[in-house]
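User: Hi! Could you walk me through some contacts and salt bridges here, with the cut-offs behind each term?

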Amino acid sequence: MRFTGSDETAEFLLRTPLLDASELNTLSLSFRHAGDHNMQGNDAYILRVRTSTNGTTWQERWSDSPGDHIAPGIVQIDLNDLAGEQFYIAWVYDGDGNNINYWYIDDISIAEVAGELDTPQ
């Protein structure tokens with residue numbers, strides 16, 4: 001995914017369809033991201049990840065307020081409290097759209113977390 005800056009100051013979001021984790025006991029989200037900051041921008045912006053079980057009320061799971069380019073990296077988020085639920089995930093850009101050229105998001109993984117193995121005594 002790629003968010004491209006705009007001439008508006010607002011909250012922009014990309015929301016998944018309803019995800020079904022009703023059969024899972026543990027859950028995590030990971031994704032790679034990077035960003036191309038617009039050095040001409042003067043106002044701060046916030047990048048966020050939120051979740052919702054109803055599409056109306058959202059819980060913030062991660063945020064970052066970069067003041068410069070975002071080096072490529074991996075974000076990992078514990079979603080264990082959503083195991084057994086149906087939910088949405090949203091990636092959110094909040095602020096002046098002129099302050100970023102691009103926010104790249106790739107390799108999104110929503111997975112059941114392997115528990116610790118019992119070892120025979």
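Analyst: Happy to. Helices (H or I, at least four residues) and strands (E, at least two) are DSSP runs, numbered from the N terminus. This is a predicted model, where local features need pLDDT of at least 70, side-chain atom pairs count only at pLDDT 80 or more, and totals for chains, interfaces and linings use all residues. Residues are numbered from 1 along each chain as its sequence is written, and side-chain values use heavy atoms, with hydrogens and water left out.

User: Thanks! Which strand holds Leu 13, and which residues does Leu 13 touch beyond four places in sequence?

Analyst: Leu 13 sits in strand 2, residues 9-15. With contact meaning heavy atoms within 4.5 Å, and residues up to four places away not counted, Leu 13 touches Ala 90, Trp 91 and Val 92.

User: Is Arg 61 buried or exposed?

Analyst: The classes are buried (under 20% relative accessible area), exposed (over 50%) and partly exposed in between, using a 1.4 Å probe and protein chains only. Arg 61 belongs to strand 6, residues 59-64. Its relative accessible area is 17%, so Arg 61 is buried.

User: Which residue forms a salt bridge with Arg 61?

Analyst: A salt bridge is a side-chain nitrogen of Lys or Arg within 4 Å of a carboxyl oxygen of Asp or Glu. The partner of Arg 61 has its closest N and O atoms 2.9 Å apart. That partner lies in the loop between strand 7 (70-78) and strand 8, so the pair ties together parts 20 residues apart in sequence. The residue is Asp 81.

User: How many salt bridges does the whole structure have?

Analyst: One of them joins Arg 32 and Asp 107, with the closest N and O atoms 3.3 Å apart. This pair links strand 4 (residues 28-37) to strand 9 (residues 100-111), across 75 residues. A search of the whole structure gives a total of 4.
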